[in-house]
Amino acid sequence: MPREELLNIFKKYKYDNDIFHDLMNYKVRELLLVATVYDAFSLEQDGLLSEKIFGEYYNLNLTNAPRVTSVTSASEAIEMLNKKKFDLVVVLSRLSKTETIKAGAQIRSILPNIPILLLLNDNTDLVGLDHAQDIFKAYNNVFVWNGASEIFLAMIKYVEDNINAVNDTQIGQVRIILLVEDSTRYYSRYLSHLYRELIKQTSRLIEEELREESKKVLRMRCRPKILLATTYEKAIEIYEKFKDYILCVISDVKYPKAGVLDEMAGIKLTKALREKSPDLPILLQSFEQNLETFAKDLKIPFVNKASQFITIQLSNFFYYNLGFGDFIFRNATDGTEIARAANMTEFRLKLHTVPIETIVYHANKNHFSTWLLARGEIQTAKLVSQIHVKAFKSYDNLRNFLINMGAWINKVKTRGRVIAFDESFLGDSTDHILKLSDGAIGGKGRGLAFINHLLNSGVSPLFAKTDIKIPETFIIGTDEFDKFIEDNKLETLIENCRDYEEIKKRFLNSELSEKLLERLRMLLLKIKYPLAVRSSGVLEDSVAHSMSGLYETFFLPNNGEDFDLRLKLLCDAIKLVYASVYSNESREYFDAISYKIEEEKMAVVIQQIVGKTYGDHFYPLISGVGQSYNYYPVSHMEPEDGVGMIALGLGGGVVGGGSSFRFCPKYPKIQILSNEELLKSSQKKFLALELENSNIDLFSGEDATLNEYDIKQAEKDETLATVASTWLYEDNRVEPGIYERGPRLLNFANILEYDLFPLAETLRHVLYVSRAALEAPVEVEFAVERDEETKDYVFYLLQIKHFLRDIEDYSLNKEEISKNDLMLFADKGMGNGRIDNVYDIVWADPELFDKSKTEEMAYEVHALNSLIKETGKKYILIGPGRWGTRDKWLGIPISWSNASHARIIVEYSLEDFRVDASMGSHFFHNVTTMNIGYFSVRQDSGDGFIDWKWLREQPALQRKKYFVHTRLSKPVSVLMDGRKGMFAIQKS
């Protein structure tokens, strides 16, 4: 998918806050004032003008008051305009000062597109304005200043609104107030009144409905725009251009029509607009009180320009007619008030009781959408405005739609979002992620938030065959972690103590904040399904440092009747995730990447576990990992085709390097292993959550609630038939399903070969879109389960992260390499480049290997790694089977910290010990992000080999029971060409 196409999809699905960012693109931030020396001095004396403009912005809670720069002549102005960018030029002058007046024309000749306004000193200059119409060729408009600083606010907003009107109406459904006034004196005054009142009304609504300051600033951007017309024709032109967005019209009565002053132009405009839009609010204003009679005949309000109460009258007009006030339900026949609602809650309550005729009346006149838009509910207002009464089969359906609109509004606004805590959202978070405390959400949280946004941004049609979602998810932000450390005075402990068991005890005996505890209580009252409590460090799952498997994850049944016990287990899990930041393994990792552990902050993800209950245990049908880049392609597969690794049961087996089935999402019907190899390596056990354990001790580790079951149990659970096949020995073939007698193979044939569920296609698209969105190779964790109601299979995305770092370009020519010069050659692996400074090799002698003793071997590797670490050197680690596996029968079960100073890691096969590479494990993922070379040597096939004779001849610095530490007098050369699949180590 091209990046542009993906961006277009995101843009199509805009939330209100996103839309706010796209509004008011043009802002006056730099204002150039051209004035005489005296005027400039008067204005700028003690910062008078800047202070007045700032004061106007401050009093109205507006941000980003423009900076004012003053010059005294046209030449100075042009010189300044050539030096920096200005958004608006204001020329302050008396009409008689021709040299200053000419400044506008001189600037216009050089910068034809910059807004230029003429500000006359006072009303006495207006007399000659009618005879100086050429002025309007140079100036966008003329205003008059009588010492009131609010005129500058009016001019600035006038310019911004004229430029932003087209964009803001189209993108944000922003409304237009049309002001028709030809008198410079009065539109200068009137615009000031209008803007002040409009901004005050909008601010009042925002203050009532929003608590977050950033959202208040953004919401202000959707205030109505004011456009000025000085003639009848211009008013009609603006109306026709923005007729779908006109909120109201405020018109004088006397102004030019057809080139001459028309005493009744405002009355004529009112009649013309009422024919086009009968319900359009119109306010007439004039100095001539006798014209109020015409307004009454037209049933529209009238304001006397000379009234000292004009501001109050204007405020009342906005409040009662433009949606800024309460929603007033009126009688459909005579318009009398029936009821009123001040907010959405009252609105829904009143909708239950008001007559249906009233609802139809307001719906036909678009009153609902106007009221919503005034409150910044752009998307909702847009939808409501497009829904007509006749679209409903009955009026009762219309009533029900409006009653439920509040919940629908929240659903639309929060879909694909990480939202602040709100009790009403607990237990209904399928489209959003709910934060239980403030602060950063960490790496895993960012990945989940991105997945959720991706799925709700319009890419779902790409997966039309599959229902894709994330499990219900809650996040505890990092502020709680900081508060936990500080309130429980744990700083000294984590700085000085290296006993991880002691750290865990202290953390468990410490207290979470009462605020979080209360929210956790609310959560557990709403949900009673199994939960995963997962780490989400701010440095976790980054491009440079994966930290995969470094921190703890706990699985909780959350099903008992003892509420206090459920709460205690959840709190203990959170505390132990916090404690895992300071484990020995974590400290080793931070040392290796040259970070201070104090830089890490921990968020916690609480997530519904995907799966079903089978008696006393719980697990999903499929868990898996998908990677968009495959280091070990076979047949005609390309690395970019990606790879998937799946297993029955919980995913700990896959990410822990246990047995799983590997396939290519692009070619799922190609079996990578032979039937014989598959029979040996096929999954024999699966991981499940125990539900009936009444004595859970999370202190013992993250496996405290998990149990491994033989696949025979899955046959009893009636899940095996979907994912397994049977080996028919006599026929030398594999039969999908378990209907024949014979050994069971978990090859997922019914799904991958016979499309019971389009898993391969779904994974391929997910990797493709994710790769395009992140613009880098990705890894995703997922689970598949069948929906109880629909019986359809659902693909759950559990995590997404970058898969590997950029690697240096290096090309290896096999023809130029002599086998006699090599200690090792592999045709499968990862890494790119050349390394010439490695003297140390830690290797397991194949003649001493015992697959029942792999745990002892892991201890030896850890001991040797610690010794080499003290020297500051790097080394090559060579051993049989799968490095970093949780299954000790598949390889050596080390954690990443046990080999933290290895620069190259090699796994080799033996005749009776052939295991697939460590593709989907956390260990493997840390290796990729740390830019460690990883080679897989299959000595029984291909060109791979290790020169054991040469290696045994080298001096051994230290020899243990299974491993040898060799230190060479000269370094070996490591050559890696990951693109061609060639990896070699040259002898020293």
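Contact here means heavy atoms within 4.5 Å. By that criterion, residues 24 or more positions apart account for 73% of the contacts in the protein chain with a separation of 6 or more. The model is predicted, with local features needing pLDDT of at least 70 and side-chain atom pairs counting only at pLDDT 80 or more, while totals for chains, interfaces and linings use all residues. Residues are numbered from 1 along each chain as its sequence is written, and side-chain values use heavy atoms, leaving out hydrogens and water.

The protein chain has 36 helices and 43 strands, taken as DSSP runs numbered from the N terminus (helices H or I, at least four residues; strands E, at least two). Of its 988 residues, 57% count as buried, that is, under 20% relative accessible area with a 1.4 Å probe, protein chains only.

A helix pair comes next. Helices H25 (residues 514–526) and H26 (residues 563–579) pack with axes 10 Å apart, at an angle of about 125° (axes are lines fitted to C-alpha atoms over the stretch in contact, and angles run from 0 to 180 degrees between N-to-C directions).

Conventions. Buried < 20%, exposed > 50% of the residue type's maximum accessible area, 1.4 Å probe, protein only.
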